[in-house]
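Have the structure open as you read.

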Amino acid sequence: PEYGPDIVSYVWTGIGIFSILGVLISGPGLELIGPYNVAAIAFPFAAAVIIPTLLGCLGEQPMQTSDGHSSGIAWDIVKEHKNYVACTTVLTLAVCASTGCAIVGVNQGTQAIVALASSAVSLGAATALLPPTISKPLVYMFLSSAISIKVVGFADNFYLDVATPAESLTTGYPICETCPHFSPTFYFTVVGVWDAIFVSLGSQLFNATMSNWTYRKALSVTQIVAMCASLTDIIQFNRWNRSWGIPDTVFMLGSQSVQNTLSMMNFLPTMILMSRLCPKGIESIVFAMLAGYSNYGSAISGYLGAYVLSLLGMGDIGSGKVDDFSNAWKASLISSVCPVLILLALPHLIP
């Protein structure tokens, strides 16, 4: 356990560094060969993780039955820890329900209702079946992700929409005369490399300054500071940076460097807490369950964000000939402020 912060920081620093290779390819690739060919190039690299897994590099040994034969499922462990298996099953069904609604194309309001209902069922199962030492942090992780209200779906269009009808015919992006008009290479590659650098910096800063802090202190400080940093997006959505004489490219890189550093510093305490909550002998299933709940919370955040955008009249961004971002600052304000609300429950859910 004493090496937990070091290991987590090491892993996420590596993720940040090696993601640079991907973003170096994605920007020029989107402009030169299109998204499908870029995805085809990336697929073998993503699938390569199968090789060390099948070779047993993770160090796990096949379960053995009493007669010495390999057994695919350790049913005795499943029965002993049936509550964890039950929670994982409920979570899987909730994910299927939300995903199914998205696939059939229900409206944003119905999708949000289904998402909230499935969330209530999932959290109810966790609260009823798991010990409080695990269920309370699990609820915190889920709610922290869910109330972030992801409204970034319009951001790509805000930065990439073009200025003239001729450019729209060439690129496929709608027209927005006042938008930054970034090129895909700048937006995906230059900004992507910049993001990766500061994600790695954030993990190192966390390890150097906060690794010995309590979870409550680390989560509280980073959440509040991250909120303040994310509010800078409002400046660009309202185009105030132009009136201040700050070019869009400079403002973008400056705001992203601060936001990504603080976002990683806010993310790492949760990852470390996950690793320390896992009971011995069932580490993989409990860690997967905790990560699953947290990731499902992020998905719920996206569904709620889509509904918020529809209420703000931004649900059709990117689908027409001209985009209107007059309410973008309102969406950004909601997305920035809502995550701080979880701090009200922090003393009750986090040790």
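The torsion about the S-S bond of Cys176 and Cys179 is about 75 degrees, so this disulfide is right-handed. A disulfide is a covalent bond between the sulfur atoms of two cysteines. Here, a disulfide is counted when two cysteine sulfur atoms lie within 2.5 Å, and the count comes to 1. Cys176 and Cys179 are joined with an S to S distance of 2.3 Å.

This is a predicted model, where local features need pLDDT of at least 70 and side-chain atom pairs pLDDT 80 or more, while totals for chains, interfaces and linings use all residues. Residues are numbered from 1 along each chain as its sequence is written, and side-chain values use heavy atoms, without hydrogens and water.

What about Cys338? Its sulfur is 15 Å from the closest cysteine sulfur, in Cys228, which is too far for a bond.

Next comes burial: buried means under 20% relative accessible area, exposed over 50%, and partly exposed in between (1.4 Å probe, protein chains only). Cys176 and Cys179 are both buried. Two other residues can be set side by side:

| Residue | Relative accessible area | Class |
|---|---|---|
| Cys87 | 0% | buried |
| Leu32 | 73% | exposed |

Leu32 is found in helix 1 (helices are DSSP runs of H or I, at least four residues, numbered from the N terminus). Leu32 also belongs to a nonpolar surface patch of about 720 Å², with Leu21, Leu24, Ile25, Ile33, Ile41 and Phe45. Helix 1 (4-32) and helix 2 (35-47) each give two or more residues to this patch, and helix 1 has the largest share, 4 residues. Such a patch joins nonpolar side chains within 5 Å, from residues with over 30% relative accessible area and no salt bridge (a Lys or Arg side-chain nitrogen within 4 Å of an Asp or Glu carboxyl oxygen).

Technical notes:
Patches are made of residues with over 30% relative accessible area and no salt bridge: like charges are joined within 9 Å, nonpolar side chains (Val, Leu, Ile, Met, Phe, Trp, Tyr) within 5 Å. Accessible areas come from the Shrake-Rupley method with a 1.4 Å probe; for residues, only the protein chains shown count as cover.
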